[in-house]
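Hi there,

Here is the structure I promised to pass on to you. Have a look at it first, and then read my notes below.

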Amino acid sequence: MKITDTSDLWWRNAVIYCLDVETYMDWDGDGVGDFPGLAQRIDHLAQLGVTCLWLMPFYPTANLDDGYDITDGYGVDGRLGTLGDVVELVRTARDRGMRVIVDLVVNHTSDRHPWFVEARKSTDNPFRDFYVWRQDAPPDTSSEVVFPDQEHSIWELDDKTGEYYLHRFYKHQPDLNVANPKVRDEIAKMMGFWLELGISGFRVDAVPYLIETVGMDEKDQTRYADPHAYLRSLRQFVTRRSGSAIMLGEVNLPYPDARTYFGDGHGDELTMLFDFVGNQAMYLALARQDARPLLEALSARPELPTDCQWATFVRNHDELTLDKLSEDERAEVFAAFGPEEDMQLYGRGLRRRVPSMLDGDPRRVRLVYSLMFALPGTPTLFYGEEIGMAENLEVEGRRSVRTPMQWSAEENGGFSTARPSRLVRPVPSGGFGPEFVNVSHQRRDPDSLLSFVSTLVQRYRECPEMGWAPLDVLEQPHDAVVALRSSVDENTVVTLHNLGPEPVVVPLRLPDQVDGDHRLVDLLEDGEVRIGGDGRVDVPLDGYGYRWLRLTEPGSRALH
């Protein structure tokens, strides 16, 4: 494989970085992050090595769900800037070698969106069919709600018309009726608008809910007989408008079901999916200090077409959902990483970040991020992970992990010059507060987490086989060890991760053509391991240790 072979599928070796503009950098001093502030900090992301910037919703909003209740899909929240600021940000990012993708939130709108304002005026309003309605009283749907602490049904009575509308999320977020061709046309126009402004694709929110048929009448069921045909049409539209643009889907389903969202083997629907199953299995493995749950999950991953990819992650902007684990397995993870009730959410997830879950142990924190980059897939970072930010449990619900970026030890963590009481969200205090965890200190420290994550990003970018190679688990006797090999043509990288506290020696058997003339050269630090004449090698590994090793032979020109 040549490095030039990877350029058209740029996302297979991308490093994605997710951020919320309103909590990243406030440039005008009003306590809310904005696009000019993000543009001023773009060099931090460039130095980190980010190649794809994912922006959480920045559209006009009623702001009852952190921007996911949108009132205009073509605009920008006035607190954050203007369309001109977005275009400048995209241009500035491109100058630094970064693409930008944006959240596509079209399962629902805000109930203050002009479409819904019109739709609820009367049952024969032209916009009525933009949403899903029913006349009869709905059955008990309390088991289907996404936020059980807030909602008790997925249907809400509209007093003016006496009918019920569907809302998979909050009652102020009515679901769009994607069976309606006019709605599909509007969604396509919206996507086309942002593609014309230079963005490189979309992170598609709540995809299974977006294409579902719940509540649709017979007419809708007829004209929407194949929901996946709609996803295929969106992919075709995006490809026509921008051949290199992607659709990265939020699909939290078991692997067999998730596979259908790639196009069930055809690769003509979503480009990428987040690996929720692997993510949850990783936390179970970390809790047990036993790699087997993770390896079992990875081995169950379905084979994907070349034009598709998994996105790997440690944390995202929501709670750390554990819904694919059994009740007993979930209890294990809670006990290890969030034993107090206030650390948990909805009984299915954790509202914490990694450093606090691991009690600030730098060995384990670095182990986790090294492991994420080593797993087959495209690594996705959530802002602040590169410096080890923690959550603020004083902030309600999922927003506990969406606190202001900590740039320096100054007041408000250097995020804003506004009074603390005016900040969009309070800055954490204590041992993970900005006095101790910030960009300014770490960028001057070669031993900092920021320097370490930067090295991971750089080495990952230098090893394209890690994004392209299929899963190859190496046999070895230690239950706590994850041993993977990434091989494409003449390129091979071996990664080892010890989830346990005890040092081990990992015996490996490499392919028959490997002999004593070959070496395993460390990529993250200085060092190498000699290989025996029969291709056998013993690799020492510290407790919570990790090693990336490139297989080289005499005269090899591979970079290491």
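D526 sits in the loop that runs between strands β18 (519-522) and β19 (528-530). Helices and strands here are DSSP runs numbered from the N terminus, with helices being H or I of at least four residues and strands being E of at least two. D526 counts as exposed because its relative accessible area is 78%. For that word the cut-offs are these: buried means under 20% relative accessible area, exposed means over 50%, and partly exposed is in between, using a 1.4 Å probe and protein chains only. How far apart in space are D526 and M405? They are 33 Å apart, C-alpha to C-alpha, and 121 residues apart in sequence.

Before going further, please note that this is a predicted model, in which local features need pLDDT of at least 70 and side-chain atom pairs count only at pLDDT 80 or more, while totals for chains, interfaces and linings use all residues. Residues are numbered from 1 along each chain as its sequence is written, and side-chain values use heavy atoms, with hydrogens and water left out.

Now for the whole chain. It contains 17 helices and 21 strands. Its C-alpha atoms fill a box of roughly 80 × 55 × 50 Å along the principal axes. The radius of gyration is 24 Å, which agrees with the value near 24 Å for a compact globule of 560 residues. That radius is taken over C-alpha atoms, and the globule rule is 2.2 Å times the number of residues to the power 0.38. Of the 560 residues, 61% count as buried.

Contacts tell you about the fold too. A contact means heavy atoms within 4.5 Å. Among the contacts between residues at least 6 apart in sequence, 69% join residues at least 24 apart. The accessible surface comes to about 22000 Å², and 46% of this belongs to carbon and sulfur atoms. These areas come from the Shrake-Rupley method with a 1.4 Å probe, and for residues only the protein chains shown count as cover.

What about charge? The chain has 58 positive and 92 negative side chains, and the centres of the two sets lie 3 Å apart. Lys and Arg count as positive, Asp and Glu as negative, and His and the chain ends are not counted. Each charge is placed at NZ of Lys, CZ of Arg, CG of Asp or CD of Glu.

My next stop is D66, in the loop between β2 (52-55) and α3 (83-95). Is D66 buried or exposed? With a relative accessible area of 4%, D66 is buried. The D66 side chain makes a polar contact of 2.6 Å with the side chain of R402, and another of 2.9 Å with the side chain of R425. A polar contact is a pair of N or O atoms within 3.5 Å; within protein, one must be able to donate a hydrogen and the other to accept it, and residues adjacent in sequence count only if both atoms are side-chain atoms. Setting aside neighbours within four places in sequence, D66 is in contact with D20, E22, R399, R402 and R425.

The backbone of D66 deserves a look as well. Most residues other than glycine have a negative phi. D66, however, has a positive phi, near 55 degrees. N412 has a positive phi too, near 65 degrees. N412 lies in the loop between β14 (378-382) and α15 (439-442), and it counts as buried because its relative accessibility is 7%.

- T260 is in the loop between α9 (255-259) and β9 (272-274), and at 24% relative accessibility T260 is partly exposed. Leaving out neighbours within four places in sequence, T260 is in contact with H228 and E269.
- S486 belongs to strand β15 (residues 481-488) and is buried, at 9% relative accessible area. Residues up to four places away aside, S486 touches E465, M466, A469, N491, T492 and V493.
- E475 is in the loop between α17 (465-468) and β15, and is exposed at 73% relative accessible area. Beyond neighbours within four places in sequence, E475 is in contact with P507 and L508.

Happy exploring!
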